[in-house]
Amino acid sequence: QVRVEESGGGKVQPGGSMRLSCAASGSSESIYAMDWYRQTSANQRVRIATINMYEFIDYHDSVKGRFTISRDKARNTAYLQMTNLKPEDSAVYYCNVGLNDGRGSRGRSFWGQGTQVTVSA
């Protein structure tokens, strides 16, 4: 079982910045990918950023140019640096950790509990 813990949420003004962290622990298996999702009460959970073991990075169109995902492999931690935040970025942000299945592909995945980000004046 992998424990996934997000941190760094809170309230920020429009145009501001915030950094989220996602720490994975409790498994000796290697990590294939770490993803950030967000969800509002009215919408489905949407993946907004991903980084995998091959250093492939991708972003949802809504955050391209404003958000940056990075990863500290030694600490099994991923970060989401968010800049130029907008009210529509307000959501619960979740981290999903996918383990390596042993063949270089994604295996089991684990979710964190989420962290609230509110962008408001």
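User: Which backbone oxygen does the side chain of Arg66 reach?

Analyst: This is a predicted model, so read each distance as computed. A polar contact pairs N or O atoms within 3.5 Å. Here the side chain of Arg66 reaches the backbone oxygen of Ser62 at 2.9 Å.

User: Which side chain does the side chain of Arg66 join in a polar contact?

Analyst: That of Asp89. The contact spans 2.7 Å.

User: Where does Arg66 lie in the chain?

Analyst: Look in the loop between strand E6 (57–59) and strand E7 (67–72).

User: Is Arg66 buried or exposed?

Analyst: Buried means under 20% relative accessible area. Arg66 has 9%, so Arg66 counts as buried.

User: Which residues does Arg66 touch, leaving out those up to four places away in sequence?

Analyst: Gln81, Met82, Thr83, Asn84, Leu85, Lys86 and Asp89.

User: Now the disulfides. How many does a search of the whole structure find?

Analyst: A disulfide is a covalent bond between the sulfur atoms of two cysteines. The search of the whole structure finds one. Cys22 and Cys95 form the disulfide, with sulfur atoms 2.0 Å apart.

User: Which parts of the chain does the pair link?

Analyst: Distant ones. Cys22 is in strand E3 (residues 18–25) and Cys95 is in strand E9 (residues 91–100). They sit 73 residues apart.

User: Is the link of Cys22 and Cys95 left-handed or right-handed?

Analyst: Left-handed, with -75° about the S-S bond.

User: Is Cys22 buried or exposed? And Cys95, buried or exposed?

Analyst: Cys22 is buried, at 0% relative accessible area. Cys95 is buried too, with 0%.

Key. Residues are numbered from 1 along each chain as its sequence is written. This is a predicted model: local features need pLDDT of at least 70, side-chain atom pairs count only at pLDDT 80 or more; totals for chains, interfaces and linings use all residues. Side-chain values use heavy atoms; hydrogens and water are left out. A disulfide is a pair of cysteine sulfur atoms within 2.5 Å. Helices (H or I, at least four residues) and strands (E, at least two) are DSSP runs, numbered from the N terminus. Buried means under 20% relative accessible area, exposed over 50%, partly exposed in between (1.4 Å probe, protein chains only). A polar contact is a pair of N or O atoms within 3.5 Å; within protein, one must be able to donate a hydrogen and the other to accept it, and residues adjacent in sequence count only if both atoms are side-chain atoms. Contact means heavy atoms within 4.5 Å.
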